[in-house]
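Here are some friendly notes to read alongside the model. Please keep the sequence and the structure open as you go through the points.

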Amino acid sequence: MDQRYATNPEQLPGMDTAELRERYLLPEIFVPGRITLTYTHHDRIVLGGAAPADGPLTLDAPDELRAEYFLANRELGIVNVGAAGTVTVDGTGYQLPTGACLYVGRGSEQVVFDGAGAQFYLFSAPAHTSFPTVLTLPGQGNRLELGDQLTSNARTLNQYIHLNGVRSCQIVMGVTELHPGSMWNTMPAHTHDRRTECYLYFDLPEDARIIHLLGTPAETRHLVVADRQAIISPSWSIHSGVGTSAYSFVWAMAGENQEFTDMDPAPPTALR
Ligand SMILES: O=C(O)C(=O)C[C@H](O)C(=O)CO
Ligand SMILES: [Zn+2]
């Protein structure tokens, strides 16, 4: 498993493009026939992808977890950004069409992914107790309409795993879809010092890119991100981006609390 140790904001000014990408960008999440996993020490999140091709893929516990099975001490959020597929949890099969979200609680011993062309994005965090495994179909989450066409940030935010929906210990997860003609996500930007957040950008044309902003509001940097690449946003960092085309992204957080509105605004005038 790829390991990324935690960083602090004082390190940022000394990083060149290559180091920024090594630390905060996950360039290859979906490899046909494989499960890829990255362990970030920011809030001990494990993120990655399962892309079944020729047969089912089983989620094993990497040595780094020192656990008998992957979810012995963790919970897992899954969003399928590929073709329809199946996730089987301890013998119960869940059909995930494109865009569906499955929460899998701590203590589930066997998780198996199947369906050629499915792309299951995985986001896992330590869990202190077990909540039930729940499937949410696309569109069944809590929808928030944000932004405005006039500021190129009209978007629909779907909350799937959250305090008023599917319950979890730490994970808060959903999907935001930019409306056609809108390119900005999460602008005005924010930080939330109590949670780490990760984005998986998807549905971006192959020749388009997203300029993803990170850093403290007073010291920003950027990553140029392609379709189906993910970013890690430490608690001290803003996370916002502008695409050269419309796109969607899975956002997911873990940390001290699950209050979606616990954010510190970083308006455009505060950014440097
Ligand atoms: O479009 C947005 O705005 C988002 O999707 C924001 C994320 O959900 C987020 O950053 C939550 O903290
Ligand atoms: Zn955020």
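1. A word on the labels comes first: helices (H or I, at least four residues) and strands (E, at least two) are DSSP runs, numbered from the N terminus.

2. Residues are numbered from 1 along each chain as its sequence is written, while chains are lettered from A and ligands numbered from 1 in the order in which they are written. This is a predicted model, in which local features need pLDDT of at least 70, side-chain atom pairs count only at pLDDT 80 or more, and totals for chains, interfaces and linings use all residues.

3. Asp203 counts as partly exposed because it has 17 C-beta neighbours inside 10 Å.

4. Another loop, the one between E16 and E17, also deserves a look. Thr186 is found there, and its phi is near 50 degrees, again positive in a residue other than glycine. Thr186 is buried, because 25 other C-beta atoms lie within 10 Å. For background, most residues other than glycine have a negative phi, and most peptide bonds are trans.

5. Which residues are around ligand 1? They are Leu146, Arg155, Leu157, Thr176, Asn185, Thr186, His192, Glu197, His239, Trp251, Met253 and Met263, where a residue is near a molecule if its C-beta atom, placed from the backbone, lies within 6 Å of it. This shell divides into five nonpolar, five polar and two charged residues. In that count Ala, Val, Leu, Ile, Met, Phe, Trp, Tyr, Cys and Pro are nonpolar, Asp, Glu, Lys and Arg are charged, and the others, Gly among them, are polar. Strand E14 (155-161) and strand E23 (248-255) each supply at least two residues of the shell.

6. Seven of its eight residues are buried. On pairing, two strands pair if DSSP finds at least two bridges between them. E23 pairs with strand E18 (residues 195-202) in the antiparallel sense over eight bridges, and six bridges join it to strand E15 (residues 172-178), also antiparallel. Met253 of E23 is the bridge partner of Glu197 and of Val172.

7. These strands belong to an open sheet of seven strands with the order E2-E21-E18-E23-E15-E14-E13 and antiparallel pairing. Its edge strands are strand E2 (25-26) and strand E13 (142-146), each of which pairs on one side only. Within the sheet, four bridges join E18 to strand E21 (residues 230-233), running antiparallel, and Leu200 stands opposite Ala230 in E21.

8. Another open sheet of seven strands has the order E1-E3-E4-E11-E6-E9-E12, with mixed pairing. The edges here are strand E1 (2-4) and strand E12 (134-136), each pairing on one side only. Strand E4 (residues 45-51) and strand E11 (residues 120-126) pair in the antiparallel sense over five bridges, with Ala50 opposite Phe120 in E11.

9. Which residues have the most contacts inside the largest nonpolar core? This core, a set of buried Ala, Val, Leu, Ile, Met, Phe, Trp, Tyr and Cys residues joined through C-beta atoms within 7 Å, has 69 residues, and those with the most contacts inside it are Ile78 and Tyr121. E23 gives the most to this core, with six residues. Leaving aside neighbours within four places in sequence, Ile78 is in contact (C-beta atoms, placed from the backbone, within 7 Å) with residues including Val87, Phe120 and Tyr121.

10. Finally, please look at Asp264, in strand E24 (residues 264-266). Asp264 is exposed, because it has 12 other C-beta atoms within 10 Å. Not counting residues up to four places away in sequence, Asp264 touches His190, Thr191 and His192. Asp264 and His190 are 74 residues apart in sequence, yet 5.4 Å apart in space, C-alpha to C-alpha.

Definitions and conventions. A residue is buried if 20 or more other C-beta atoms lie within 10 Å of its own, exposed if 12 or fewer, and partly exposed in between; C-beta atoms are placed from the backbone. Two residues are in contact if their C-beta atoms, placed from the backbone, lie within 7 Å.
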